[in-house]
There are 2 protein chains.
Amino acid sequence: MSRPTIVDVAKRAGVSKSLVSLVMRGAPNVSDEKRERVLRVASALGYRPNAVARSLVRQRTNLLGVFLSDLHNPFFAEVIDGIQAEAAERGYRTIIGTGDRVELSEARALDTLLELRTEGLILASPILPMRRIAEASREVPTVLVARASRSSTIDSVANDDTAGAALAVGHLASLGHRRIAHIDGGDGAGARERRRGYERAMDRHGLAREARVVAGAYTEEGGWQGVRALFSRGRAPTAVFAANDLAAIGTLSALAEQGIGVPEEVSVVGYDNTALAAVHHIHLTTVDQPRPEMGRTAVSLILERLDGERGSARHVLMPPSLVVRGTSGAPARKKVPR
Amino acid sequence: MSRPTIVDVAKRAGVSKSLVSLVMRGAPNVSDEKRERVLRVASALGYRPNAVARSLVRQRTNLLGVFLSDLHNPFFAEVIDGIQAEAAERGYRTIIGTGDRVELSEARALDTLLELRTEGLILASPILPMRRIAEASREVPTVLVARASRSSTIDSVANDDTAGAALAVGHLASLGHRRIAHIDGGDGAGARERRRGYERAMDRHGLAREARVVAGAYTEEGGWQGVRALFSRGRAPTAVFAANDLAAIGTLSALAEQGIGVPEEVSVVGYDNTALAAVHHIHLTTVDQPRPEMGRTAVSLILERLDGERGSARHVLMPPSLVVRGTSGAPARKKVPR
DNA sequence: GGGAAAATGTGGAACGTTCCACTTTCCGCA
DNA sequence: TGCGGAAAGTGGAACGTTCCACATTTTCCC
């Protein structure tokens, strides 16, 4: 006794399978009487349309493939929110695959998505080599999220890191800070742009001579090391712009250890506005990326391609915004004794 | 020029489509010569097997459906790790759906998974009414994760909250604490069990008379309110067991505000061991749930059913473990002045 | 009242695989 | 040399839908 098919319903209701198909899809030209009868029989039998068979004959799956390098990163969770919302609104379903940051399993996950005949691919920070991605993009519209691309076949959606860094610097400068240092993100995604954004913004505010960048990483440890470097020699800054929230938290810890008050003596600004930043205990001023919006945009880009509206690639940069919390304030009037 | 099918490959290679099928699936009885020829043609044509067609004829999709109430909760990310690892090992793929904690969209997401003919369903904390879940379980093996069930058709995997609470109390008691209070999780999932576990453990340690439970919630705010209640009247506790990590962090904030030192004056223990707890700045002693293991178990339960090994329901309780960090220590020798 | 048009309903081909029953070829050995 | 069985390969039915071309019935209007 396997699952009932459309034919079972048709027989039992005394109509053709075509009619049942029509009813199940809510077609207009069906008499109320038959519609009701079919519906009744279908529900009595526990009939459920088989999306597999439908996809085969229609030559479309209505499925978008989402590939994630890392489910743990809360950043992506919010991007997916946007993806799913937009996809649902436009009549698409979403299937998610991950690869644990191992090239081989990433490749397998990608193959799976392709074999399932997803109609579009959203790749969030894959570590896959560009060659593989380009191959995939030949089969199906592909958009890269949070990883910039200059490819002409692959669309991309990213946040404008340069602008975000400028936001952070602008905020600190307008509070009156001059010695604003940057703990950078090493070779992390977007770290270079943030660094450059910082330098340019310092320049624009006439603070080029005060600019100071120390090596860090997108980790707590990175922020911690950065503070060590900054406060061990030279004139101490009154504000620190860390490459991301995690580094900012490391910065906070290191400053606390050295008995330096935040924000009374030193202001700290992060980047990403992760859930961590919002925790009361931390309450970090940071730069927010419009994550759900990025997801929605990614879906839109794919649908533009699917609808044949566009052949060439689009690379979208989303504007970040500043979230002011408790770790930034005006600099101390007096020189801070070290 | 649509995608090449198995027939295109067959024609071009001068063999039957059956042979191509055999080659693509790596069947043994194929001559090296033809195998190679087929493979060459397939790759030249960019042929990729169509999983949709295969699923239709084989009557199996090799797909497991995972339903998540909330992608943001890092808890689930780790459960999914386990699910995906185990599923991959056993030859299944995974498709994830979410419902934003809205009953209607949860129902839709569930329907989608079912229509795609997933062979099993893993539901992580759905808010869906039990009736709907029972219905689904009639179509396909279903397991509930992190939501206990007594149903005889639906398997479940949860953490043993009672045991976890006992772990927390035992840890504090062995440090020498006697006045151990509990800030509870209101009507959150598992909150009742944690409360009961706390009470029983206090009893077992001969501390029944010192037991004190105040109302809280699974939020920072909940922890904050709990501290207010605990320290505004009556004899202040020397240790607090909060219902989860978020509440524990709220507790930490509130204690800091009142100038109470942790762990010198008061010890704090949380529950869940979220990433938050590991942050240096917080460094919370907490109870860990074996999340990946829970995911793996969920998959195993489904496969047991699929393999027909089992008809009746199994309800698995996983043992939690204690993670000691910096917020717990021996109680102060002297009475703490309030 | 008659005919066109609209509404309603139907049968069969097609989608791209897998699998079964079958044929052909090859090899070893009595 | 002949024969049996293994190895290699093939054709066609089947999976559960959708869609097209077509048939039948009803409605509408002059």
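Two strands are taken to pair if DSSP finds at least two bridges between them. In this predicted model, strand β10 (residues 285-288) of chain B is joined to β12(B) by 3 bridges, and the two run antiparallel. Within that pair, B:V287 has B:L322 of β12(B) as its bridge partner.

Strands β10 and β12 belong to an open sheet of 6 strands in chain B, with the order β7-β6-β8-β9-β10-β12 and mixed pairing. Its edges are formed by β7 (212-214) and β12 (321-323) of chain B, each of which pairs on one side only. On average, and with direction ignored, neighbouring strands of this sheet are turned by 25° against each other.

| Helix | Strands touched | Angle between directions |
|---|---|---|
| α10 (residues 220-232) of chain B | β6 (180-183), β7 and β8 (239-242) of chain B | about 140° with β6(B) |
| α11 (residues 245-257) of chain B | β6, β8, β9 (267-272) and β10 of chain B | about 155° with β9(B) |

Turning to the pair of chains, chain A can be laid on chain B by a turn of 180° and a shift of 0.0 Å along the axis, which leaves an RMSD of 0.1 Å. The two copies are therefore related as by a two-fold rotation axis. The same surface serves both copies, since 100% of the contact residues of chain A recur in chain B.

To this contact chain A gives 34 residues and chain B gives 34 residues. On the side of chain A that touches chain B, the elements that give two or more residues are α4, α5 (74-89), β2 (93-98), α6 (103-115) and α11 (245-257) of chain A; of these, α4(A) gives the most, with 5 residues. By class, this side of chain A has 18 nonpolar, 11 polar and 5 charged residues.

Which residues are the closest to DNA strand D? Of the 25 residues that surround DNA strand D, the closest are A:I6, A:S21, A:A53, A:V57 and B:V57.

Notes. Residues numbered from 1 in each chain as written. Chains lettered and ligands numbered in written order. Predicted model: local features only at pLDDT ≥ 70, side-chain atom pairs only at ≥ 80, totals over all residues. Near = placed C-beta within 6 Å. Least-squares fit on C-alpha atoms with pLDDT ≥ 70 in both. Contact = placed C-beta atoms within 7 Å. Helix = DSSP H or I, 4+ residues; strand = E, 2+ residues; numbered from the N terminus. Axes fitted to C-alpha atoms, helices over the stretch in contact; angles between N-to-C directions. Nonpolar A, V, L, I, M, F, W, Y, C, P; charged D, E, K, R; others polar.
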